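Dear colleague,

I am passing on the structure we talked about, so that you can look at it alongside my notes. Please open it first, and then read on for what was found where the chains meet.

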Protein chains: 2
Amino acid sequence: MTALEILKQHEIKKTPARMAMINVLLDNKYPMSEMDIKERMAYLYDRVTFYRNVQTLASAGIIHKIVADNTTVCYALNICDHAHNHTAEYAHFFCEACHAVICMNQIKIPPYKLPNGYKFVDCDIIIKGTCEKCNL
Amino acid sequence: MTALEILKQHEIKKTPARMAMINVLLDNKYPMSEMDIKERMAYLYDRVTFYRNVQTLASAGIIHKIVADNTTVCYALNICDHAHNHTAEYAHFFCEACHAVICMNQIKIPPYKLPNGYKFVDCDIIIKGTCEKCNL
DNA sequence: ATACAAATGAAACAGTGTTGCAAAGATAAT
DNA sequence: ATTATCTTTGCAACACTGTTTCATTTGTAT
């Protein structure tokens, strides 16, 4: 999937800022922070445009936001090799040592039973600890 | 449990700022944001002191931080009516309409199996939706 | 009462996310 | 091709969150 194909498939207009953003995310396997993305977008980067496109791409289902911690927010493409099911959701791992955010494909979000009157929309699971590399 | 008893039990020095903070949390059942707490602490409030005491009280196990969303962070006492087990952890519900953060005692965090090499420390589950009151 | 360590408050700063507005770019119709 | 329209962009300005530094104050044990 190229950035252009992704945009066309979701009927979102192709703009340089969006193309650059998606391409940066395509080039990296792991979820990236605003800073990570900014560093790789160079002159095409404007913070307001970035946040507006985060909104646009997220509500189109192209990317999702991962809040690992209130000071660590990452963005990742919704392309999962292992499933085409866009509604399936997964836990994320946050390494407290290197601050990497990693998608835990193995850990799916179960169907929680909320008390009467509550409506479920979404669920985020953040598992904190130390990652493979940091445990060596 | 009074604020003083809580501090003594954890061998944390009694100071006006800490007493006020714990008392505000004792008076409210639901997790509170910095703003919520500030509004109820009046002249005793200084932001730096607040954040330092969040650290102190959290690492002593008196309070815990709940990151409902990157722009919604709440703090709550670790007093659970239903259990003395401090290591047990629960999911939290975040109402997208009124932004209330509610402890879901019913939903415990299961023992997730991480891939080899990963070390588990902690886990946060945030369930998003709309609450009782907002669904009326 | 004193002495020492811990806690506080103020100023300054960095990062994140938003709003308003004018300019630029894309789209469609004539 | 030209105009009209709508979307997107980029900039300035702002609000909020969280941290660092440092001088001063306070708590507590003796």
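**The interface of chain A and chain B**

Between chain A and chain B there are four salt bridges. In one of them A:Lys65 pairs with B:Asp69, and the closest N and O atoms lie 3.7 Å apart. Please keep in mind throughout that this is a predicted model. Across the same interface, 14 residue pairs, both members at pLDDT 80 or more, are found in polar contact.

On the side of chain A that touches chain B, at least two residues come from each of β2 (63–69), β5 (101–108) and β6 (119–130), and β6(A) gives the largest share, with twelve residues. Sorted by class, that side of chain A consists of 17 nonpolar, seven polar and nine charged residues.

As for the extent of the interface, 33 residues of chain A are in contact with 33 residues of chain B, and the two chains bury about 2800 Å² between them, of which 58% is on carbon and sulfur atoms. Of the area that chain A buries against chain B, 20% is supplied by A:Asn70, A:Tyr118 and A:Lys128, which is more than any other three residues supply.

With best regards

Key: Residues numbered from 1 in each chain as written. Chains lettered and ligands numbered in written order. Predicted model: local features only at pLDDT ≥ 70, side-chain atom pairs only at ≥ 80, totals over all residues. Heavy atoms only, no water. Contact = heavy atoms within 4.5 Å. Buried area = accessible area lost by both parts, 1.4 Å probe. Salt bridge = Lys/Arg side-chain N within 4 Å of Asp/Glu carboxyl O. Polar contact = N/O pair within 3.5 Å; in protein donor to acceptor, adjacent residues only side chain to side chain. Helix = DSSP H or I, 4+ residues; strand = E, 2+ residues; numbered from the N terminus. Nonpolar A, V, L, I, M, F, W, Y, C, P; charged D, E, K, R; others polar.
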